[in-house]
Amino acid sequence: MKTVAGIGIFLVLGLLAAYVIGFQPDIKGELPYDEEFTGLKDRIIIKFSHVVAENTPKGLAAAHFAQLVKEKSQDRVEVQVFPNGMLYTEDTEIAALQHDDVQMIAPSFSNMNKIDPMWLVMDLPFLFQNQEEVDRSLQGALGQRLLATLEAKGLKGAAFWHNGFRQVTNNVRPLRTPEDFQGLKFRIQPSTVLERQFKALNASTISTPFNELYRTLETGRADGQENTISNILSKRLYQVQRFMTISNHGYLGYVVTFNKRFWENLPPDVQQLLQEALRETSDWNNRESLLHQNQLQSLLQNQSLQIITLSDEEKALWKKRFEPLYEEFTVIIGKNLMNEIR
C-alpha cells in the first residue's frame, strides 16, 4: 500500500509541475521600463586605480575627473575610482594597466623609471625652483619626450597632475645640513636617483610601497622619509615622526595613463570627451594643489612635529652636495636631455 501511495503522490506532483511549467503567462512581450538600466549595455566602464588617500591632490583630482566624465557623457561613460591601493600597489599597478586589469592609473614620476630611465630626470634634486618651472617643462618639450616613452610599452600618457615639492621628515634629529643625515635610514620610492641622493648625504635607504610607509616608520625599519605635505598629513606620518625640514628639494607629480589598446578602441567622441575632462581636471588640480599645500602646512604646524625651514645658506650646502648626481646620471638619462635641462 505504501508503494502504491508513493507512486500516486509522485504522479500528482509531476502533473502539477507540468501544469505550472506549461501554463506560465506569456513573457515574450516587452518587460516593464526601468530607467535605472537605460543604456547599461552600451556603458563604457573605466577602472581607475591609485594608491593615495581620497583627500590628497591626486585623490581629489580622480574624483573630480570621474564626476566630469559622468556629466559630459550623460552616464554613457563611468569612471570607477579605487583609491588607497584597494586594487593594486605602486609595485603592481603598471603591470595591471598593461594587462588591462585596470584601464587607468596615475603613477608618480619616480615609479615610471621602470618604463624608461628618462623618467629619472624628474627625481634629480633641485631640478625645479618653483611650480611655474615645473609647468613650463611638462607643458613643453620635456613633457612630450617623457610621454613618448610610454607608447612602446602599451601605455597612453594623457596628462600631468601636481602634488607638490618633497620635504624630509625623520624621528631622530633636526635636519639642516648634509652632515645631519649621517647614519640615518630613509624610505624612498624605487629610484636610483633617490637612492644616490641619500647616499650623497651618507644616509642609507629602503624602498617600500606607499601603503606600507606608516608601518615602516612606526616599526623603526626607517628613521625618516621624503614626501609632500599632503601625503605627510593624509597618512598621519606626523604621528611617527618628530621633525620635518621644509627643503623643497624634489618634485612629486603624476602622469595620468591609460591602457593604450583600450584607449585606441574607444569611439572617437569618447576619446574627445575624456581629453576635455582631463584638461579641465588638470587645470583644476594645478590650482587647487597650490592652495591645498599652503593650508596643509598650517595644519601640520598644529601637530607635535617640529618644523625646520632651511635658510638660503643651508639650502646652498644641500645643492652643492647633490651637484655630482647630474654628471653621474647624464649617461643613464641621456646627454641631450641633460644638456637641455642644464
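I began with the basis: the model is predicted, with local features needing pLDDT of at least 70, side-chain atom pairs counting only at pLDDT 80 or more, and totals for chains, interfaces and linings using all residues. Residues are numbered from 1 along each chain as its sequence is written, and side-chain values use heavy atoms, leaving out hydrogens and water.

I then looked up the sheet, taking strands as DSSP runs of E with at least two residues and helices as runs of H or I with at least four, numbered from the N terminus, and strands as paired if DSSP finds at least two bridges between them. The sheet is open and mixed, with six strands in the order S7-S6-S8-S5-S9-S11. Its edges are S7 (204–207) and S11 (306–309), each of which pairs on one side only.

Next I followed strand S9 (residues 243–246), which runs parallel to S11 and is joined to it by four bridges; I found that Phe-243 has Gln-306 as its bridge partner in S11.

Finally I looked for cavities (sets of points on a 1 Å grid over the protein atoms alone where a 1.4 Å probe fits but cannot get out; lining residues have an atom within 4 Å of a point). I found two of 30 Å³ or more, a volume being the space filled by probe spheres set on grid points joined across faces, edges and corners. The largest has a volume of about 130 Å³ and is lined by 18 residues, with Glu-90, Gln-189, Phe-210, Asn-231 and Leu-252 nearest its centre.

Notes: On a 1 Å grid over the protein atoms alone, a cavity is a set of points where a 1.4 Å probe fits but cannot get out, and a pocket is an open set with protein on both sides within 12 Å along at least five of seven lines; lining residues have an atom within 4 Å of a point.
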